Amino acid sequence: MAAFPCMTIFLLVSSTLAQIVFSEIFKPHDYSKWPMPPCKMYYPLDPLYDANCPEVTAYVCATNGHTKNECFLCVDQWEFGPHIKFDKYGKRD
């Protein structure tokens with residue numbers, strides 16, 4: 001008889017914890033509140049100098065449709081003009 005109340009309590013607690021965990025996983029993120037990439041630190045010092053971007057897998061989407069890290073986004077803005085803008089962090093949907 002003592003196992004029934006313990007099992008009920010266990011199921012109630014585990015379902016509550018599962019709801020909390022899964023609500024955070026599937027919650028939509030508001031990317032507009034995230035800061036823009038710090039592009040000035042990636043610009044080459046000399047216009048004839050090639051920028052060397054690190055091989056970091058931190059995806060950033062640009063309005064030109066390419067998914068890269070923020071260094072590649074900033075160098076593209078520097079090379080191809082201001083029409084390439086930051087869209088969001090993460091991979092393209």
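This is a predicted model: local features need pLDDT of at least 70, side-chain atom pairs count only at pLDDT 80 or more; totals for chains, interfaces and linings use all residues.
User: Leaving aside neighbours within four places in sequence, which residues is proline 38 in contact with?

Analyst: Contact means heavy atoms within 4.5 Å. By that rule, and with those sequence neighbours left aside, proline 38 is in contact with Glu70 and Cys74. Residues are numbered from 1 along each chain as its sequence is written, and side-chain values use heavy atoms, leaving out hydrogens and water.

User: Where is the place of proline 38?

Analyst: Helices (H or I, at least four residues) and strands (E, at least two) are DSSP runs, numbered from the N terminus. Proline 38 sits in the loop between helix H1 (3-25) and strand E1 (60-62).

User: Is proline 38 buried, exposed or partly exposed?

Analyst: Buried means under 20% relative accessible area, exposed over 50%, and partly exposed in between (1.4 Å probe, protein chains only). Proline 38 has 40% relative accessibility, so it counts as partly exposed. Cysteine 61, at 0%, is buried.

User: Which cysteines does a disulfide join?

Analyst: A disulfide is a pair of cysteine sulfur atoms within 2.5 Å. Here one joins cysteine 53 to cysteine 71, S to S 2.1 Å. Cysteine 53 lies in the loop between H1 and E1 and cysteine 71 in helix H2 (residues 70-80), so the pair ties together parts 18 residues apart in sequence. Their link is left-handed, with -75° about the S-S bond, and both cysteine 53 and cysteine 71 are buried.
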